[in-house]
Structure formats: structure tokens, C-alpha cells
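Visitor: I have a model open and want to learn how to read its features. Where do we begin?

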Amino acid sequence: MAKEKKLVEDITSMDVDFAQWYTDVVKKAELIDYTSVKGCMAIKPAGYAIWENIQKELDRRFKETGVENVYLPIFIPESLLQKEKDHVEGFAPEVAWVTHGGTEELQERLCVRPTSETLFCDFYANDIHSYRDLPKVYNQWCSVVRWEKTTRPFLRSREFLWQEGHTAHATAEEAEARTVQMLNLYADFCEEVLAIPVIKGQKTDKEKFAGAESTYTIESLMHDGKALQSGTSHNFGDGFARAFNIQYTDKDNQLKYVHQTSWGMTTRMIGAIIMVHGDDSGLVLPPRIAPVQTVIIPIAQHKEGVLEKAYELRDRLAGRFQVKVDDSEKSPGWKFAEQEIKGVPTRIEIGPKDMEAGQAVIVRRDTREKIPVALDELETKLSEVLETMQKDMLERARRHRDEHTYDAVTYEEFVETINTKPGFVRAMWCGDQACEDKIKEDTTATSRCMPFEQHKLSDKCVCCGRPARKLVYWGKAY
Ligand code: ZN
């Protein structure tokens with residue numbers, strides 16, 4: 001028992017130190033390891049399996065909307081990166097440069113892609129000639145490099161995995177529709193699969209992507225009340241097309257510039273899953289993203305027939321669920337603690353007494369509720385429990401977010417709330433970047449988004465008192 005206690009004791013309580021709790025969970029759940037490469041992590045099987053499920057589900061949803069996957073180079077020549085002024089200014093401070101090939105200095109240095117807009121533009125300029133070539137709706141799964149000064153597993157690392165979609169369209173309307181479509185796809189994915197509720201909205205000019213005309217975002221709230229940008233979709237208008245000369249001959253025989261979009265989601269969503277759903281015992285994975293949905297734990301497995309029964313149940317469930325048997329030599333208590341740390345949504349306990357009664361016990365990871373179930377109803381019941389758990393997790397996260405969303409009308413109220421109550425603060429804004437700058441300086445909070453669903457809290461900007469233009473969600477962010 002002493003050992004079992006220790007396994008959980010190694011996790012710092014989230015109320016004592018949330019940052020340390022996060023680090024402990026990431027390590028104890030065996031999601032990552034640190035490496036000799038500063039700021040870069042090794043993603044271990046338990047972590048990578050979550051990413052594979054994210055990929056599978058997103059990729060399926062992308063393809064339903066006509067997306068095709070491609071792969072472009074990891075290097076960008078400096079001259080190519082320089083072509084769009086805002087874009088290069090935005091990314092230059094955090095790019096890594098390749099200056100040598102072997103022992104020879106390169107004539108032109110190459111950056112390791114921090115994002116691939118410029119490569120896609122270069123590619124599209126050669127590939128698009130006529131209106132018949134449009135639209136192009138491409139995506140690539142890859143890693144990118146951004147030379148971050150402070151790093152944290154999944155949330156901010158120098159190299160991270162993501163997908164980046166890049167599209168080219170004949171008209172501005174079509175590009176705008178695609179930008180919104182992909183944002184909605186991300187929002188549905190977060191809510192339906194990750195059980196993470198999101199606020200959909202538009203970034204202010206200060207916070208939008210370097211080179212974009214407009215950036216749409218989904219923002220979520222972590223358990224500690226900090227905001228996390230969870231996915232973005234950008235409309236570039238024809239800005240990049242003009243910089244890279246991407247033109248097509250339209251039906252009327254006129255040369256026209258294409259309109260472009262890009263959109264991305266990253267391994268940082270694994271950090272979001274941890275910080276939205278985890279508890280003091282470790283990770284809690286939503287059933288729809290969990291690599292293992294249930295682990296069968298035999299009780300008194302040395303007794304006759306127990307292990308055989310566990311394997312029989314596994315084989316029965318295997319077609320419908322991701323299932324494993326923990327038949328290791330560890331004690332049941334140790335196995336329970338491991339299942340909890342790793343966030344496996346359910347465990348099924350089966351021992352000699354259960355077998356006699358023709359039953360097993362399903363235990364939910366999130367509520368720890370024990371649900372006795374007749375063995376011949378196991379499939380139906382497990383499926384019900386997983387569905388209910390998925391729904392409850394989303395509802396719990398939504399409640400937590402709503403309970404940590406505040407309104408402020410005066411500046412005193414705003415500063416007081418944002419500094420004392422972790423969460424989102426909604427307040428009116430005049431549209432002037434000077435007010436955003438002042439708020440950031442006074443409180444470290446940033447504008448998270450101007451939500452698509454607008455309502456009016458007052459007629460005046462919370463900061464300067466001039467006429468208000470937008471309701472804005474503010475927060476301290478990861
Ligand atoms: Zn103002």
C-alpha cells in the first residue's frame with residue numbers, strides 16, 4: 001500500500017501549484033520525456049497515441065470538406081521568406097537558420113519552416129494558371145520550428161507537430177467561406193471529440209496572424225483560469241498572391257489574383273486536454289480521444305479462471321472498444337493508480353466473487369463511480385458509460401468556463417476582476433490598439449477574441465471611455 005500511495009503522491013496538487021501539477025502529470029502519465037535538445041521533447045507512446053487519434057479524426061473531417069494532403073520542403077530560402085513584409089516581420093525573431101551544408105557555407109541561408117505560407121505561395125505560383133485549377137484545398141501534416149525562449153511540454157516547444165491547411169480560391173467570398181468553415185470544423189472537433197468547449201471569434205489587428213487580413217480563433221479556458229488559443233483560421237485576401245504573383249486567367253480572359261487562407265491545429269491540444277480535464281490523480285482522457293478506453297483489471301488473478309475470464313472479456317470487447325488487460329504482477333491497487341494517472345476513461349474489475357455472481361464492475365475515471373454490470377450486458381453498458389462520460393466531461397468543462405467568465409464595465413472593475421479572478425473577462429472596447437496595449441501593460445491580460453456572438457455591456461470602451469465598437473474576451477493566456 002505504501003508504494004501505491006507514493007505513485008499518486010508524486011503528483012503535486014493542482015491547487016498548490018498548477019504549473020508543477022501539469023509537469024508532474026505529463027511525466028507520470030508517460031506522455032513525454034525531456035531530451036538533450038533544449039526546448040524540444042520526446043513524445044512517448046502514450047502521448048503520441050493521443051496525437052495519432054487527433055490526426056485520424058481531424059484528417060477524416062478535413063477530407064469530408066474536400067481537403068487533399070501534400071508535403072512541401074522543411075527549408076525556406078531567405079529570399080522567399082522576405083517576400084511578404086508583415087509575415088517576415090512577424091516570424092523573423094523566432095526562426096532557426098541553416099547556414100552550412102556539410103562544411104560549405106550556403107550562398108543563401110535557409111530557415112527551418114516556422115509555418116509554410118511562403119512555400120505554398122511559391123508552389124501555387126507555378127501550379128495555378130487558369131480558373132480550372134481552382135480551388136486548391138491542400139493540407140500538410142508536419143513539424144515546424146520556432147525558437148521560443150521559454151518552453152513547456154506540448155504548450156510551447158521549439159519543434160512541434162501540427163497540420164497546416166493552405167487554400168487558394170478564385171473569389172474573396174469563397175476564401176472567407178473556407179476560413180469560417182475550417183474554424184467551425186475545429187470548434188466541432190474540440191467540443192465533440194476533446195470535450196473542450198470553445199469561444200469562436202475574431203482576433204484584433206494586434207493579435208492577428210502576421211500577413212493575414214483577418215484571423216478567426218477558438219479560445220478555451222484551462223482549469224486554472226488561463227486561456228488557450230486552440231486553433232486559428234486566417235483569411236489572407238489577395239495580399240500573399242500579390243507578393244508572390246499568384247494569378248490565374250478567369251473565364252472572362254482577365255488575369256486575376258487568387259484569394260488565400262490558412263488554418264492550423266497543433267500538439268498543444270494535448271496540453272489542453274490535460275489542463276481542462278485532469279485532476280490530482282492524473283490525466284482524464286475523454287473516451288473519444290483515449291488510445292485505451294477501458295483496462296480490464298483482474299482481482300486475485302492467481303485464482304483459477306480469473307485471468308482466463310479477463311482475456312475472454314477482452315476478446316469480446318475488442319471489436320467495439322480500445323481495450324487492454326493489465327495482467328502484470330503488480331497489485332490491483334497499484335494497477336488502479338496507474339489507470340488513473342494515465343487517464344484511461346474506465347476500468348473493469350473482475351475477480352472470483354464477481355465471476356460467481358456473473359458480473360463485473362465498471363469504474364469511471366472522472367467520477368470514480370462504481371457500476372456493477374451483468375456480464376452478458378457488458379458491451380451495452382460499457383458503451384453507455386463511455387457516452388455518458390464524454391457528455392459529462394464537456395458539460396463540466398462548460399460549467400467551469402461559464403462560472404469563470406466575468407463582465408466588467410468600468411476600468412477599476414476590469415483590473416480588479418482580471419487580477420483577482422482567474423478566467424475570462426468580457427468588456428467593451430473602442431477598437432484602438434492603444435487600449436489593448438494599456439490593458440496588457442497594467443494587467444498582462446490580452447484580448448483573446450471578439451466573439452462572433454456579440455452583445456452590448458455598455459456604450460463605452462472599458463479602458464478609455466470613448467464609444468465602444470466590440471465586446472471582447474480578455475484573459476491571461478498560455
Ligand atoms: Zn479604448
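**A buried cysteine**

Guide: Cys-430 counts as buried, at 10% relative accessibility. This is a predicted model.

Visitor: Where is Cys-430 found?

Guide: Cys-430 lies in the loop between β21 (424-429) and α15 (433-443).

Visitor: Which residues does Cys-430 touch, beyond those up to four places away in sequence?

Guide: Cys-435, Cys-461 and Cys-464 are among them. Arg-466, Pro-467, Ala-468 and Arg-469 are touched as well. For sequence against space, take Val-472: 42 residues from Cys-430 along the chain, and 10.0 Å away, C-alpha to C-alpha.

Visitor: Now a charged residue. Is Asp-366 buried or exposed?

Guide: The cut-off for buried is under 20% relative accessible area. Asp-366 has 13%, so it is buried. Its place is in the loop between β18 (359-364) and β19 (370-374).

Visitor: With which side chains does the side chain of Asp-366 make a polar contact?

Guide: One is the side chain of Arg-364, at 2.8 Å. Another is the side chain of Arg-396, also at 2.8 Å. Leaving out residues up to four places away in sequence, Asp-366 touches Val-284, Met-389, Asp-392, Met-393 and Arg-396.

Visitor: On to helices. What does one check about the span of α7?

Guide: Compare the reach with the expected value. Helix α7 (residues 172-192) has 21 residues and reaches 30 Å from its first C-alpha to its last, close to the 30 Å expected at 1.5 Å a residue.

Visitor: Which residues of α7 are buried?

Guide: The list includes Ala-175, Arg-178, Met-182, Tyr-186 and Cys-190. Take Ala-175: its relative accessible area is 0%, so it is buried. Setting aside residues up to four places away in sequence, Ala-175 touches His-169, Asn-235, His-259, Gln-260 and Thr-261. His-87 is 88 residues from Ala-175 along the chain, and their C-alpha atoms are separated by 19 Å.

Visitor: What describes two packed helices?

Guide: Two values: the angle between their axes and the distance between the axes. Here, take α2 (residues 18-28) and α9 (residues 268-277): their axes come within 11 Å and cross at roughly 115°. The crossing of α2 and α9 is right-handed.

Visitor: Which residues of α2 and α9 meet?

Guide: From α2 come Phe-18, Trp-21, Tyr-22, Val-25 and Val-26. From α9 come Gly-271, Ile-274 and Met-275. By class, the contact of α2 with α9 has seven nonpolar residues, one polar and no charged.

Note on methods
Residues are numbered from 1 along each chain as its sequence is written. This is a predicted model: local features need pLDDT of at least 70, side-chain atom pairs count only at pLDDT 80 or more; totals for chains, interfaces and linings use all residues. Side-chain values use heavy atoms; hydrogens and water are left out. Axes are lines fitted to C-alpha atoms, for helices over the stretch in contact, and angles run from 0 to 180 degrees between N-to-C directions. Helices (H or I, at least four residues) and strands (E, at least two) are DSSP runs, numbered from the N terminus. A crossing is left-handed if the near helix is turned anticlockwise from the far one by less than a right angle, and right-handed if clockwise. Contact means heavy atoms within 4.5 Å. Ala, Val, Leu, Ile, Met, Phe, Trp, Tyr, Cys and Pro count as nonpolar, Asp, Glu, Lys and Arg as charged, and the others, Gly among them, as polar. Buried means under 20% relative accessible area, exposed over 50%, partly exposed in between (1.4 Å probe, protein chains only). A polar contact is a pair of N or O atoms within 3.5 Å; within protein, one must be able to donate a hydrogen and the other to accept it, and residues adjacent in sequence count only if both atoms are side-chain atoms. The expected span of a helix is 1.5 Å times one less than its number of residues.
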